[in-house]
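Open the model in your viewer and keep the sequence beside it. The tour below goes from one selection to the next.

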Amino acid sequence: DARLMARIKVADELKTRVDVRRVNLDIVKPWIANRITELLGVEDDVVTLYVLSFLDNGLKAKDGYVDPKAMQVHLTGFLEKN
């Protein structure tokens with residue numbers, strides 16, 4: 001994982017960690033589910049719950065941050081075509 005994190009190139013927007021305590025997840029969660037469905041072409045509860053678990057884990061983290069680059073690395077297998 002660490003080697004992959006070092007090698008992967010991401011958009012500039014994904015280089016900044018996000019404090020999810022400052023995000024209204026009740027608003028963002030439905031958008032995330034819809035966006036994943038758009039990208040995959042089908043509803044996929046597994047991928048959606050996987051993404052939402054990253055956000056929930058960020059809420060539980062001591063500092064409240066989520067690393068978007070790490071999310072991309074973990075989701076690459078699900079979203080490779082897109």
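How many nonpolar, polar and charged residues are in the lining of the largest pocket? In this predicted model, the lining has 17 nonpolar residues, three polar ones and three charged ones.

**Stop 1: the largest pocket**

The volume of the largest pocket is about 710 Å³. Select Leu14, Val51, Met71, Leu75 and Leu79: of the 23 lining residues, these are the closest to the pocket's centre. Next, colour helix H2 (25-40), H3 and helix H4 (68-79), the elements that each give two or more residues to the lining. H2 provides the largest share, seven residues.

**Stop 2: threonine 48**

Now go to helix H3, which covers residues 45-60, and select threonine 48 within it. Is threonine 48 buried or exposed? Its relative accessibility is 10%, and buried means under 20%, so threonine 48 counts as buried. Show its surroundings as well: leaving out residues up to four places away in sequence, threonine 48 touches Ala33 and Ile36.

**Stop 3: valine 18**

Move to strand S1 (residues 18-19) and select valine 18.

Technical notes:
Residues are numbered from 1 along each chain as its sequence is written. This is a predicted model: local features need pLDDT of at least 70, side-chain atom pairs count only at pLDDT 80 or more; totals for chains, interfaces and linings use all residues. Side-chain values use heavy atoms; hydrogens and water are left out. Helices (H or I, at least four residues) and strands (E, at least two) are DSSP runs, numbered from the N terminus. Buried means under 20% relative accessible area, exposed over 50%, partly exposed in between (1.4 Å probe, protein chains only). Contact means heavy atoms within 4.5 Å. On a 1 Å grid over the protein atoms alone, a cavity is a set of points where a 1.4 Å probe fits but cannot get out, and a pocket is an open set with protein on both sides within 12 Å along at least five of seven lines; lining residues have an atom within 4 Å of a point. Grid points are joined across faces, edges and corners, and a volume is the space filled by probe spheres set on the points. Ala, Val, Leu, Ile, Met, Phe, Trp, Tyr, Cys and Pro count as nonpolar, Asp, Glu, Lys and Arg as charged, and the others, Gly among them, as polar.
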